[in-house]
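Notebook open, model loaded. I want to look up a handful of residues and jot down where each one sits and what surrounds it.

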Amino acid sequence: MKSTSSLSLIAGTVALAAVTGFAVLTAPGDGDTAKAATAARLPVERSTLLCPAPGLSELSETTYTSFTPVGDGTGEAGTAELVPTAPSEITDGEGEDKGDKDGKKKDDKKDDKKDDKKADAGKPVAALKEPGKPAVAEESGADTPALVGTATGRLAPGWTAQQTTMVEAGEGRGLLGVSCTVPDTDFWFPAASTAKSRQDYVHLTNPDDTAAVADIELYGPKGSLKSEVGEGITVPARSNVPVLISTLTSEAVDDVTVHVTTRTGRVGAAVRAADDKAGSDWLAASTAPTGTLVMPGIPDDVTSVRLVAFAPGDDDADLKVKLLGKTGAITPAGNDGLHVKSQMTASIDLKDLTKGEPGSLLLTPEKDGKATPVVAALRVVRGSGDKQEVAYIPATGPAGARATAADNRSEGSVLSLTAPGAAATVKVTASAGSGGGEKVVKKYTVKGSTTLAVVPPVPSGLKGGYALTVETESGGPVHAARTLTVTQGGIKMFTVQTLPDDGGTVEVPEAVQDLSVLRD
């Protein structure tokens with residue numbers, strides 16, 4: 001007879017994997033007595049997301065959208081709520097409150113508003129009621145706090161949340177979008193800057209009930225930037241800490257790679273990048289270092305594209321640069337390759353790369369069999385003069401089984417689908433609207449080595465916002481991004497969010513091992 005403790009071990013392992021996304025099952029004893037376990041995929045039972053504090057402008061208007069696609073979640077109804085953290089203070093890395101840009105303390109009116117935000121702490125934002133229909137909430141002002149969210153039951157698998165902020169004018173103007181992040185211990189951000197024309201903040205958000213301690217390292221074209229204040233940054237429990245990057249070093253550098261790690265605990269991390277001329281947007285983390293990278297969703301009317309890459313290991317990287325366009329892959333004139341020295345940031349100005357057609361950038365090893373891991377991101381600009389607008393596109397993983405862009409409106413969205421290898425077929429679902437409307441489903445075929453940019457389907461009878469979900473049905477991997485554009489004062493303000501796999505299922509070992517050796 002099998003031990004009841006053995007059966008509990010199996011059940012516990014499966015439950016652990018469903019909640020955390022990771023589990024290992026090992027039977028004690030001689031290795032010959034255990035059969036290799038096969039893997040099964042189960043829907044996660046719990047998801048955590050973190051949304052950074054939107055910014056510093058009193059003119060900001062932020063929309064939060066929460067969404068879970070219809071899928072194979074557990075029978076329990078569950079909940080999915082984003083809860084405000086305590087109002088954050090800007091830090092220079094040593095814990096000193098920086099106040100506003102001029103170093104002044106906030107006035108009495110702002111203090112009163114902050115007190116109101118404190119009163120709202122703990123009140124859920126955009127609470128989701130059911131899969132397949134997004135929940136939307138709006139907040140305004142400079143003191144809007146970061147959000148910490150948890151989804152359980154059938155609302156957990158594939159749960160996605162996004163914040164989109166409009167700042168019409170003044171410092172940091174633009175349309176700033178970011179997908180709320182999963183907490184982790186390691187993040188890479190190429191394309192940040194410590195230049196005098198930039199105000200870039202790393203936002204660290206702690207979801208847990210104990211403090212986290214983070215380190216921030218900066219790397220420029222000549223290597224590590226000297227900093228003594230980027231180490232040991234305390235992020236209090238369930239709070240957000242914005243760190244002004246330029247205060248971490250005395251060196252003003254145009255292209256910087258930011259590396260965030262934690263000594264204890266875990267955080268969500270994102271960079272809010274603001275340019276004096278081109279406005280501002282969020283820079284999300286690059287996918288983990290790897291030899292081949294895809295940056296999907298470059299708009300057709302860009303006036304400037306800048307590629308920033310970094311090799312974190314001990315080896316240099318030699319990369320081929322390809323633009324995957326409407327009809328196939330092309331090599332940018334004069335920029336067919338990029339040499340990235342070990343632990344140094346490299347960059348290329350690709351100018352108006354797309355020449356009127358949408359595309360995606362593909363980086364591959366120059367030599368077969370020598371794939372040096374790198375991270376990368378694009379800084380893309382639309383317009384010119386005083387009508388410039390900036391966005392960032394980090395390297396991202398494939399959409400995989402399923403990926404979602406939560407915030408879409410009746411107009412202004414463009415969906416980019418890129419197949420860097422073999423052709424693929426994807427299913428795109430426009431969800432029901434947050435205020436009403438019926439979902440619409442459409443399938444697309446993406447030819448190999450091309451980018452297909454489409455105006456996505458809109459739910460019939462749409463009221464409110466809606467989500468776009470991409471599912472790969474056949475063929476090679478597909479990388480996806482959604483561009484949202486809102487024209488304000490004659491400026492095409494825009495933001496690009498990539499769509500990596502939502503991690504709605506996890507691989508767990510099936511209980512096929514012979515555990516007869518475990519007896520009472």
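Predicted model: local features only at pLDDT ≥ 70, side-chain atom pairs only at ≥ 80, totals over all residues.

Skipping neighbours within four places in sequence, I get L204 in contact with A214, I216, I233, V235, S239, N240, V241, V260, V267, G268 and A269. A general reminder to myself: in soluble globular proteins, nonpolar side chains tend to be buried together.

Next, P207. I find P207 in the loop between strand 11 (201-205) and strand 12 (212-220). Buried or exposed, this P207? Relative accessibility comes out at 6%, so P207 counts as buried, the cut-off being under 20%. Leaving out neighbours within four places, P207 is in contact with T48, L50, V148, P183, R238, R266 and V267. I also checked the P207–P183 pair: 24 residues apart along the chain, with C-alpha atoms separated by 7.4 Å.

S60 was another loop residue on my list, between strand 2 (46-51) and strand 3 (61-67). S60 is at 2% relative accessibility and therefore goes down as buried. What does S60 touch, not counting residues up to four places away in sequence? I noted E139, S140, G141, A142, T165, M166 and V167.

Then K222, in the loop between strand 12 and strand 13 (223-224). K222 has a relative accessible area of 79%, so I logged this lysine as exposed. Its C-alpha is 9.0 Å from that of K341, which sits 119 residues away along the chain.

Last, I looked at positive phi in residues other than glycine. A191 has phi near 85° and lies in strand 10 (residues 186-192). With a relative accessible area of 3%, A191 is buried. K351 is not a glycine either, and its phi is positive at about 55°. I placed K351 in the loop between strand 24 (345-349) and strand 25 (359-365). K351 is exposed, at 54% relative accessible area.

Methods:
Residues numbered from 1 in each chain as written. Heavy atoms only, no water. Helix = DSSP H or I, 4+ residues; strand = E, 2+ residues; numbered from the N terminus. Buried < 20%, exposed > 50% of the residue type's maximum accessible area, 1.4 Å probe, protein only. Contact = heavy atoms within 4.5 Å.
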